[in-house]
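The following report describes a single protein model.

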Amino acid sequence: TAIAYTDYSQLFGDASDGIYYALFAGALPLAAGGTLGTTLQIQGQGTILVTTDSPDPIREENLGTNWAWTVSYADRLSEELLAGISGKVIEMKLGQESGRAYAVDLGIQYDLPNTLIPIRIGAAVQNWGTRIQFKDENQSDPLPRLARLGTAVTLYEEGHHHLSLFGD
């Protein structure tokens with residue numbers, strides 16, 4: 001379980017009134033195997049003073065809150081192979097409009113057998129899903145889709161002490 005909160009008013013003063021980031025995350029090993037997890041990320045965008053032709057503000061406007069909720073499941077498929085999947089809902093505010101998108105992340109991890117030192121390789125596809133649509137299809141944005149490959153080489157492992165090299 002993890003909980004984190006950052007209030008940006010300490011960093012930027014009055015210009016950051018209402019700007020924050022919060023994270024709530026947890027994972028639960030299942031008796032039948034695998035692990036179920038969830039995260040909720042929340043970003044408060046703060047407020048701005050709205051003006052027209054003069055520098056005098058006519059009102060204060062709350063810019064809203066962005067959030068993303070993810071549910072994940074991962075399991076060991078064999079001695080060397082692990083896999084996981086996450087589904088997520090993302091909601092963003094842009095002025096008076098809001099948009100929502102749905103996406104899936106997929107990942108695998110494989111421990112190479114019969115090597116002198118432990119070598120693990122992994123691959124993931126992130127944000128495979130819908131576009132965030134605000135007013136109509138012409139005013140939508142794709143999620144930043146990523147395909148990643150990586151490797152980890154464990155040089156030393158004794159109890160809780162590890163020395164590994166990672167590449168992504």
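N62 belongs to strand β5, which spans residues 57-62; helices (H or I, at least four residues) and strands (E, at least two) are DSSP runs numbered from the N terminus. Leaving aside neighbours within four places in sequence, N62 is in contact (heavy atoms within 4.5 Å) with G46 and T47. Q43 lies 19 residues from N62 along the chain, and the C-alpha atoms of the two are separated by 13 Å.

The model is predicted: local features need pLDDT of at least 70 and side-chain atom pairs pLDDT 80 or more, whereas totals for chains, interfaces and linings use all residues. Residues are numbered from 1 along each chain as its sequence is written, and side-chain values use heavy atoms, with hydrogens and water left out.

The structure holds one aromatic pair. Its rings, those of Y5 and Y20, have centres 5.7 Å apart and planes at 25°, so the pair is stacked. Rings of Phe, Tyr and Trp (its six-membered ring) pair if their centres lie within 6.5 Å; planes under 30 degrees apart count as stacked, over 60 as edge-to-face and the rest as tilted. Y5 is in strand β1 (residues 2-7) and Y20 in strand β2 (residues 19-29), so the pair ties together parts that are 15 residues apart in sequence. The accessibilities of the two tyrosines are tabulated here.

| Residue | Relative accessibility | Class |
|---|---|---|
| Y5 | 55% | exposed |
| Y20 | 22% | partly exposed |

The protein has one helix and 13 strands. From the N terminus, the order of its elements is β-α-β-β-β-β-β-β-β-β-β-β-β-β. The radius of gyration is 21 Å, whereas a compact globule of 168 residues would have one near 15 Å; the value is taken over C-alpha atoms, and the globule rule is 2.2 Å times the number of residues to the power 0.38. Along the principal axes, the C-alpha atoms fill a box of roughly 75 × 40 × 30 Å.

Of the 168 residues, 18% count as buried. Among contacts with a separation of 6 or more, 36% are between residues 24 or more positions apart.

Notes
Buried means under 20% relative accessible area, exposed over 50%, partly exposed in between (1.4 Å probe, protein chains only).
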